[in-house]
Amino acid sequence: MAGISTMEEANAFLPAFIAKHNAQFGIEAADPHSAFIALEPSFDLDYYFSMQETRTVKADHTVSFEGKVYQITAASRSRSLAGQKVSVRVNPEGQLHLYDGKKRLEYRLASVAPAKAKPEQSSPETPKSLSETPKSQPCDPTAAARRRAWLHAAAP
């Protein structure tokens with residue numbers, strides 16, 4: 001609308017546009033003083049601005065989270081936390097913190113948890129020789145139809 005085609009023209013146009021816009025739509029604040037207050041240096045932003053999950057502390061003061069085991073150090077706790085719930089919080093930058101209530105706990109990476117074994121699938125075993133081939137089962141046409149029913153369920 002203003003015939004601007006370059007970045008330089010846009011930057012030159014902007015101050016006058018902002019002044020005109022503010023004159024038309026701006027209103028004076030009811031209270032001229034700023035409503036913002038400075039945070040205390042001890043305010044823990046990570047406690048409030050993070051994703052949280054709850055974990056139970058094991059007898060050896062460890063918690064597991066995302067395939068890793070974290071050891072809560074003795075220096076950061078004033079009592080035994082075994083069996084207690086703690087929160088594991090991950091801030092937007094990906095930093096992990098452990099909390100007992102609102103108290104941040106110190107920890108160290110103890111180990112990577114072993115991968116869980118996948119349960120064996122219930123597929124029939126392959127015969128080792130022809131003599132071990134299972135005898136054929138009698139055919140049940142209704143059971144076979146029930147197994148195939150999902151194929152036709154979405155059909156129009």
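**View 1. Strand E3 is mostly covered in this predicted model.** Of the 5 residues of E3, 4 are buried. The strand spans residues 68-72. E3 runs antiparallel to E2, and 4 bridges join the two. In this pairing Val-63 stands opposite Tyr-70 of E3. E3 is also joined to strand E7, residues 107-112, by 5 bridges. That pairing is antiparallel as well. Here Val-69 has Ser-111 of E7 as its bridge partner.

**View 2. Glu-66 sits in the hairpin of E2 and E3.** The hairpin has 2 residues between its strands. Glu-66 lies in the loop between E2 and E3. Its phi is positive, about 50 degrees, although Glu-66 is not a glycine. Is Glu-66 buried or exposed? Its relative accessibility is 66%, so Glu-66 counts as exposed.

**View 3. Thr-62 is a buried residue of strand E2.** The relative accessibility of Thr-62 is 4%. The cut-off for buried is under 20%, so Thr-62 falls within it. The side chains of Thr-62 and Asp-60 are joined by a polar contact of 2.6 Å. Beyond its neighbours within four places in sequence, Thr-62 is in contact with Thr-56, Val-57, Val-69, Tyr-70 and Gln-71.

**View 4. His-61 is found in the loop between E1 and E2.** His-61 is buried, with a relative accessible area of 10%. His-61 is not a glycine, yet its phi is positive, about 60 degrees.

**View 5. The largest nonpolar core has 11 residues.** Its members include Val-57, Val-63, Phe-65, Tyr-70 and Ile-72. Leu-81, Val-86, Val-88, Leu-96, Leu-98 and Leu-105 also belong to this core. Strands E2, E3, E4 and E5 each supply at least two of its residues. In soluble globular proteins, nonpolar side chains tend to be buried together. Which residues does Leu-98 contact, leaving aside its neighbours within four places in sequence? The partners are Val-63, Tyr-70, Ile-72, Ser-87, Val-88, Lys-103, Arg-104, Leu-105 and Tyr-107.

**View 6. An open sheet of 4 strands has the order E1-E4-E5-E6.** The pairing in this sheet is antiparallel. E1 (51-56) and E6 (103-105) stand at the edges. Each edge strand has a single partner, so one side of each is left without a neighbour in the sheet. From one strand to the next, the twist averages 35 degrees. Within the sheet, E4 (residues 85-90) pairs with E5 (residues 96-100) over 4 bridges. Arg-89 stands opposite His-97 in E5.

**View 7. Ala-75 is found in the loop between E3 and E4.** Ala-75 counts as exposed, at 71% relative accessibility. How far apart are the C-alpha atoms of Ala-75 and Glu-106? They are separated by 7.5 Å, while the two residues stand 31 residues apart along the chain.

**View 8. Over residues 126-137, pLDDT stays under 50.** For this stretch the model has 3 contacts beyond four places in sequence. Where pLDDT is low, the predicted coordinates should not be read in detail. The mean pLDDT of the protein chain is 80. A value of 70 or more is reached by 72% of its residues.

Terms used
Residues are numbered from 1 along each chain as its sequence is written. Side-chain values use heavy atoms; hydrogens and water are left out. Two strands pair if DSSP finds at least two bridges between them. Axes are lines fitted to C-alpha atoms, for helices over the stretch in contact, and angles run from 0 to 180 degrees between N-to-C directions. A nonpolar core is a set of buried Ala, Val, Leu, Ile, Met, Phe, Trp, Tyr and Cys residues joined through side-chain atoms within 4.5 Å. Buried means under 20% relative accessible area, exposed over 50%, partly exposed in between (1.4 Å probe, protein chains only). Contact means heavy atoms within 4.5 Å. A polar contact is a pair of N or O atoms within 3.5 Å; within protein, one must be able to donate a hydrogen and the other to accept it, and residues adjacent in sequence count only if both atoms are side-chain atoms. pLDDT is the predictor's confidence in each residue, from 0 to 100.
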